[in-house]
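The points are grouped by topic below the structure.

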Amino acid sequence: MPVPSPDYDLFTSFRYDPKLLTAPYNTEVNGIELPYLLFVYHVDRLVAAATKFGWTRAVQTMKACGVSERLRHMCDQTVMECGLPDKEKGLGVSSLSMFVSPDKADQAILVSCIHSEGGGPALRVLLSSTGDLNVEVRPARRLSRDLLRAAYFNPSATPSPSAASLPAPIFTVYLDTRPTPASAFTAHKTTSAARTATPPRARRGLKDRAEPKEVLLYNERGEITEGSARNAAFWRDGAWVTPAERCGGLPGTVRRYLLERGLVKEGVVRAADVRAGEWVLLSNGCEGTLLGRVVRD
């Protein structure tokens, strides 16, 4: 009897912003100038996730010769089909082998984001168990600062920096009220309900995901794993410490960049040791880095 295909996809999301074309760190990682934040890391993420779930055909798709260029062309086409002036697209594609047409809602999101101050929508790439790739447009938080700026914040510095000098917005960070057991669904992004950020946020009464609020998740051993929508790092002994992968959290792309550049290090942070008022470094592929402060009951 044939085994039914999973009813969920793997996915990864990243920021689109023409200003990334002139960001040296982004060009260093991608190997070429691209308006997509740490694009190459997202390709790696899909390979790792497909391998973990044992999706043979998806792995074959992601390891096929030229897959990065193919996926980049899909993203370029999604942007180009939204009716933006060429000067605002940040693209230089002469020939496209893939065609993905966003629907009217996606087009409205992209046009609205790119014309706003600090705008820049997110692109979400979905990978099915059969190896099909699709690209969607999603709204992203408006930002008017360098995406990595928060990672250089030193909570121990004296005198303390003024509020005006801190990268806004500053998130209010809560601790979840119950553990989230570690699994493949906490370590990889899927559209399955098995990995949803809704329950932790709902338990804290957070309804609007646009609010600058985050909830810290922890595993059955009481170890912090991540935030509901962002990786997290904590200031410990003069350095930012992010929960180790073995704790069960998502190995995010910006987190990976910060680890490889020595801006954060891995460790174990216990939920019981998280203090009210302490700073948290938050990160994801759509917002870069952000700062938050913990509120305890």
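Pro-169 is found in the loop between E3 and E4, and the peptide bond that joins Ala-168 to Pro-169 is cis, with omega near 0 degrees. This is a predicted model, in which local features need pLDDT of at least 70, side-chain atom pairs count only at pLDDT 80 or more, and totals for chains, interfaces and linings use all residues. Residues are numbered from 1 along each chain as its sequence is written, and side-chain values use heavy atoms, with hydrogens and water left out.

Background
- Most peptide bonds are trans, and most residues other than glycine have a negative phi.
- Helices (H or I, at least four residues) and strands (E, at least two) are DSSP runs, numbered from the N terminus.

Cis peptide bonds
- The loop between strand E3 (133-138) and strand E4 (170-175) also holds Pro-159.
- The bond from Thr-158 to Pro-159 is cis, with omega near -5 degrees.

- Leu-38, not a glycine, has a positive phi of about 50 degrees.
- Leu-38 sits in the loop between helix H1 (24-30) and helix H2 (39-52).
- The place of Asp-237 is the loop between strand E7 (231-236) and strand E8 (239-243).
- Asp-237 is exposed (over 50%), at a relative accessible area of 82%.

How values were computed:
Buried means under 20% relative accessible area, exposed over 50%, partly exposed in between (1.4 Å probe, protein chains only).
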